[in-house]
Amino acid sequence: MIAIVINIIIAATIATATIDMKPNRFLHRISKEEVSRLPLVQFEGEVIVVNNASCLAVAIDELNQCKVVGVDTETRPSFVHGQRYSTALVQIATEKRCYLFQLRHIGFPEELAMFFADPSVCKVGLAFADDLRGLQRLHPFRPQNCVDVQKMVHQYGILDLGLQKIFAILFGKRISKSQQLTNWENPVLTPEQARYASTDAWATLLIYKELCATRPLYPKMVEILLAEDRQRQIEHQQQVLEQRAQQMHEVNE
């Protein structure tokens, strides 16, 4: 159900393309080496940690007045097979302000669930269905007006799906992933964690707005591009298998 809702919204978003939009000059892919050479950028706006009921009320009231926001979540990393933790942090960003909802302090409150179910505010994420499912395990709700930019980028000829690479392709800048595997259940977030978490939600919002302002490719061009990419991946996998077989042969001789 989540995937169906997201796909419908994406189709409607892309269908609004007009001749007045920016020309599409995006790269199809970018390498890790190319990303590493780009200038580093981070969210420089106001970061507000929401860890009590009074902060929650103010945050939800302000977010309900927005037209579109960027969303991300963080979960404590697990290094044991089969072990899974609940969502620890929800980040919701505008271009100038980001709210960090610490769920270990406030749980996943009804007000936040209602926000995700509100069709009047567009919520933008990346691999959004996974984030939403994690939140639904804490409190049932039906997501409304939730857009996954990962499902949009193919329509613009972008084949990379990670946040860092998509951001690099669109803006020629690099966002840090250095805090990704830190403990998001810490009672108090470090300044580095807070800035990292805010940057991810903010970056997702910027990606969405840039895509909406840019002319997508014609569907036939997208179809050809994806077919060529699949063929390249198949050829690469075959080369890897042949190299492994050759190495095994050399070891056995």
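A residue is called buried when its relative accessible area is under 20%, exposed when over 50%, and partly exposed in between (1.4 Å probe, protein chains only). Cys146 is buried, with a relative accessible area of 0%. The model is predicted: local features need pLDDT of at least 70, side-chain atom pairs count only at pLDDT 80 or more, and totals for chains, interfaces and linings use all residues. Residues are numbered from 1 along each chain as its sequence is written, and side-chain values use heavy atoms, with hydrogens and water left out.

A disulfide is a covalent bond between the sulfur atoms of two cysteines. Here it is assigned to a pair of cysteine sulfur atoms within 2.5 Å. The structure holds zero disulfides. Cys66 is in none, and the nearest cysteine sulfur, that of Cys98, lies 11 Å away. Cys66 counts as buried because its relative accessibility is 19%. For Cys146, the closest cysteine sulfur belongs to Cys122; at 7.9 Å, it is too far for a bond.

Helices (H or I, at least four residues) and strands (E, at least two) are DSSP runs, numbered from the N terminus. Helix 8 spans residues 191-212 and has 22 residues. From first C-alpha to last it reaches 32 Å, close to the expected 32 Å. That expectation is 1.5 Å times one less than the number of residues.

A nonpolar core is a set of buried Ala, Val, Leu, Ile, Met, Phe, Trp, Tyr and Cys residues joined through side-chain atoms within 4.5 Å. The largest has 41 residues, and Trp202, Ile207 and Leu211 are among those with the most contacts inside it. Helix 8 gives the most to this core, with 11 residues. Contact means heavy atoms within 4.5 Å. Not counting residues up to four places away in sequence, Leu211 touches Phe26, Met152, Val153, Tyr156, Ile158 and Leu170. A second, separate core of 25 residues includes Ile92, Phe116, Leu135 and Phe141.

Asp131 sits in helix 6 (residues 128-136). Asp131 is buried yet has no salt bridge, that is, a side-chain nitrogen of Lys or Arg within 4 Å of a carboxyl oxygen of Asp or Glu. The nearest side chain of opposite charge is Arg137, 8.6 Å away. Lys and Arg count as positive, Asp and Glu as negative; His and the chain ends are not counted. Beyond neighbours within four places in sequence, Asp131 contacts Asp72, Thr73 and Leu126.
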